[in-house]
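Here is a short report for a reader new to this structure. It starts with one term, then moves from the whole chain to single residues.

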Amino acid sequence: MLRLRSLSMKGRLGRGYATVAGPHALVLLEHRAGVIDSGSLSALTAAQQLGGQVTGLVVGAPEQVKTAVEKAKKLKGLTSVLHSSSEQYANAIPEVVSPLLEKLLSGGTPYTHVVSAHSSSAKSILPRAAARLDLPAVSDITSLEHDASSNATTFTRPIYAGNAIATVRAPESVRVKIFTVRSTAFKASAADEGAQVEEKAVEPVDVADPPTQHVRTDLTKSDRPDLGSASRVVSGGRALKNAETFKSTLEPLADALGAAIGASRAAVDAGYADNSLQVGQTGKVVAPELYMAIGISGAIQHLAGMKDSKLIVAINKDPEAPIFQVADVGLVADLYEAVPELVQKLKQ
């Protein structure tokens, strides 16, 4: 004979669903003498597009960090600011700074993304930290999209000197997605005087006997706008013959327009201009409101650094010059006649 026994179930049966934590980006805020770089402000804008929390990281010497943190706390979009002070961090040497990132991203880190500008310093620091953590890194992105349901992030980045666009997807299996941002592709984040940002100090990671030592920093001083962030740029090429002609031809035009001065690689290699003025694939990437190419043929390496400019004006005596293929306004003329006449007209 079978006997049935009733079972009393206390409480209610429930079904639980796993939820995906929202993105939390760590943005490396680079600075010089306490002033946050404009490229880092663009990286902050990119981080906000992920749709989650955004924490800023300020690293440097004690006197530098104090000023930079105060400015960072007023930036729109930041939810908190981490800062680490050490004399070792004064010059942001990759072998010295990357162990701090490793510490912040190891174990049960709350950060899902690490973001920075595509600067000379960050291009060394982030890939180094990524390699040591066995993580991939995506460089020089121009757009991003985060899918909260799958916790995957999709990026686009230019390849082959900007002639093709690669779409790169970092899936959920990549626990921390590390990427650098092309500054000209994102607007700089604005200041928010009413921002309430939490501030927290992080102990520095001491690096004994680092393999690289900072020797000196040589800065090119100029009263002109910074080439990387100027709204107007006047660039010259090899057709300007020599350094004196380069200066005497371009400076009056740049003064009349309130523009920064740039140069093609050919002009830099020939000694017409300083290396810091080079625009192109191996130089600076700019996207001003106005870009004037004076005596520049338009080699593909140069176009990669300026073709996103809003208005491109080219002056060249060769009607077949490749620069005219991307120019919005083209003038086939002798630059030694056209530029002085243009300066005269602008001054009227």
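Buried means under 20% relative accessible area, exposed means over 50%, and partly exposed lies in between (1.4 Å probe, protein chains only). Gly262 is buried, because its relative accessible area is 0%.

This is a predicted model, in which local features need pLDDT of at least 70 and side-chain atom pairs count only at pLDDT 80 or more, while totals for chains, interfaces and linings use all residues. Residues are numbered from 1 along each chain as its sequence is written, and side-chain values use heavy atoms, with hydrogens and water left out.

**The whole chain**

The protein chain has 348 residues, and 45% of them count as buried. Its secondary structure comes to 8 helices and 17 strands. Helices (H or I, at least four residues) and strands (E, at least two) are DSSP runs, numbered from the N terminus. Along the principal axes, the C-alpha atoms fill a box of roughly 110 × 50 × 40 Å.

The accessible surface is about 19000 Å², and carbon and sulfur atoms hold 49% of it. Such areas come from the Shrake-Rupley method with a 1.4 Å probe; for residues, only the protein chains shown count as cover.

Contact means heavy atoms within 4.5 Å. Among contacts in the chain with a separation of 6 or more, 67% join residues 24 or more positions apart.

**The nonpolar cores**

A nonpolar core is a set of buried Ala, Val, Leu, Ile, Met, Phe, Trp, Tyr and Cys residues joined through side-chain atoms within 4.5 Å. The largest one has 29 residues. Those with the most contacts inside it are Val58, Ala72, Leu78, Val115, Ile141 and Phe179. Two or more residues come from each of strand E1 (24–28), helix H1 (38–48), strand E4 (53–60), helix H2 (62–72), strand E7 (137–141) and strand E11 (177–181). H1 gives the largest share, 5 residues. Another core lies apart from this one, with 26 residues, among them Leu100, Leu135, Val176 and Val202.

Ile141 has contacts beyond its neighbours within four places in sequence. They are Phe155, Thr156, Arg157, Phe179, Thr180, Val181, Arg182 and Phe186.

**Arg182 and Asp140**

Arg182 lies in the loop between E11 and strand E12 (198–201). Arg182 counts as buried because its relative accessibility is 11%. Its side chain makes a polar contact of 2.8 Å with that of Asp140. A polar contact is a pair of N or O atoms within 3.5 Å; within protein, one must be able to donate a hydrogen and the other to accept it, and residues adjacent in sequence count only if both atoms are side-chain atoms. Leaving out residues up to four places away in sequence, Arg182 also touches other residues, including His118, Pro158, Val285, Ala304 and Asp308.

Asp140 is found in strand E7. At 12% relative accessibility, Asp140 is buried. Asp140 has a positive phi of about 55°, although it is not a glycine. Asn151 also has a positive phi of about 55° and is not a glycine. Asn151 sits in the loop between strand E8 (143–147) and strand E9 (152–159), and is buried at 13%.

Ser98 belongs to helix H3 (residues 94–105). Why does Ser98 count as buried? Its relative accessibility is 1%. Beyond residues up to four places away in sequence, Ser98 touches Ile125, Arg128 and Ala129.

Asn316 is in strand E16 (residues 311–316) and is buried at 11% relative accessibility. With residues up to four places away set aside, its contacts include Gly295, Ile296, Phe324 and Leu331.

| Side chain | Partner | Distance |
|---|---|---|
| Ser98 | Arg128, side chain | 3.5 Å |

Gly262 lies in strand E14 (residues 260–263). Gly262 and Val279 are 17 residues apart in sequence, and their C-alpha atoms are 6.2 Å apart in space. With residues up to four places away not counted, Gly262 touches Leu227, Val233, Val234, Ser235, Gly236, Phe246, Leu250, Leu277 and Val279.
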